[in-house]
Amino acid sequence: MEVNTERYGEIYGVDISAIREAQARISPFIHTTPVLTSETLNCIAGRKLYFKCECFQKGGAFKFRGASNAILSLDNDQAAKGVVTHSSGNHAAALSLAAKLRGIPAYIVIPKNAPSCKVENVNRYGGQIIWSEATMQSREETASRVLQETGAVLLHPYNDKWIICGQGTISLELLKQAPLVDTIIVPISGGGLISGVALAAKSINPNIRIFAAEPRGANDAAQSKAAGRIITLSETNTIADGLRASLGDLTWPIVRDFVDDVIVVEDKEIIKAMRLCYEILKVAVEPSGAIGLAAVLSDSFRGNPAWKDCHHIGIVLSGGNLDLGALWDSLC
């Protein structure tokens with residue numbers, strides 16, 4: 001049964017009503033992604049696992065949900081000047097595609113270290129690429145310059161209520177597809193995905209557990225939860241290129257209040273989870289997308305007695321934009 005969430009919009013800027021409105025707005029354009037299960041992986045994990053395959057979403061990642069909601073929420077005058085964002089890849093591609101569907105320009109600031117497969121997606125969907133250095137400061141400064149030059153609307157990759165609401169539609173689908181789910185594990189970076197997922201899921205079922213999965217080399221969310229305030233890292237070091245951002249002022253309060261804990265894993269555990277997804281689920285998942293499975297299989301999760309009653313676990317496979325060039329080259 002849903003809880004009374006009347007003040008959520010006032011406190012967090014987002015509530016279940018706004019997420020349901022987002023679902024109605026974007027449903028004609030997005031895929032309702034499947035939930036896969038595997039008895040083999042259930043046996044390995046010792047729990048029932050339900051994989052929400054956002055790797056099959058348009059653009060190859062969950063980001064299309066939030067991007068579509070944001071662009072479809074613009075009025076005609078705003079939309080006419082286009083949109084601008086900065087992103088390491090998946091949001092960039094999603095925004096480019098959503099803008100293309102509405103017939104407006106998308107100006108995309110991309111750091112020079114972004115994976116080539118994600119850059120190719122931006123080109124494929126017609127986004128206009130502007131390069132920046134890899135630092136968040138450079139990304140934001142470049143986006144600000146483009147904003148001034150074009151008059152376009154800035155759509156932040158995660159610290160935006162329309163983005164958060166769009167991502168929250170994942171929970172609406174998942175809990176309908178797999179109603180036994182008592183726990184959801186979600187990758188965390190800037191927090192847009194987990195903010196929407198957590199707020200929607202806990203509005204529907206306040207007893208559900210929400211865990212964030214985070215790489216050791218970019219564990220600012222775990223540090224923030226421990227400190228009770230936003231902690232930012234001067235540098236990050238992880239194979240999960242989509243999980244290197246820091247929490248925002250909109251996402252942090254939701255993460256603080258709705259995420260039960262953060263499970264930190266090593267890159268080697270992420271790689272192992274990617275391999276299991278490929279070999280057993282037959283799904284190609286990028287490192288950021290595989291981290292939820294890595295968290296479930298980690299010693300810290302499996303050995304924690306407080307989590308022994310997490311029996312039915314939803315895992316968000318957030319994206320599948322993986323650069324497989326080395327694999328194809330090896331087969332030639």
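**Figure 1. Glu54 is a buried residue, with a relative accessibility of 0%.** Buried means under 20% relative accessible area, exposed over 50%, and partly exposed in between (1.4 Å probe, protein chains only). The model is predicted: local features need pLDDT of at least 70, side-chain atom pairs count only at pLDDT 80 or more, and totals for chains, interfaces and linings use all residues. Residues are numbered from 1 along each chain as its sequence is written, and side-chain values use heavy atoms, leaving out hydrogens and water.

**Figure 2. Glu54 forms a salt bridge with Arg65, at 2.8 Å from N to O.** Glu54 sits in the loop between β2 (48-53) and α4, while Arg65 is in helix α4 (residues 63-72), 11 residues apart. A salt bridge is a side-chain nitrogen of Lys or Arg within 4 Å of a carboxyl oxygen of Asp or Glu. Helices (H or I, at least four residues) and strands (E, at least two) are DSSP runs, numbered from the N terminus.

**Figure 3. Arg65 also pairs with Glu173 in a salt bridge, their closest N and O atoms being 2.8 Å apart.** Glu173 belongs to helix α9 (residues 161-177) and Arg65 to helix α4, so the pair ties together parts 108 residues apart in sequence. Arg65 is buried at 0% relative accessibility, and Glu173 is buried at 8%. A network of salt bridges links Lys52, Glu54, Arg65 and Glu173.

**Figure 4. Lys112 and Glu133 meet in a salt bridge of 2.9 Å, N to O.** Lys112 is in the loop between β4 (106-111) and α7 (116-124), and Glu133 in the loop between β5 (128-132) and α8 (136-150). Lys112 is exposed at 54% relative accessible area, whereas Glu133 is partly exposed at 43% relative accessibility.
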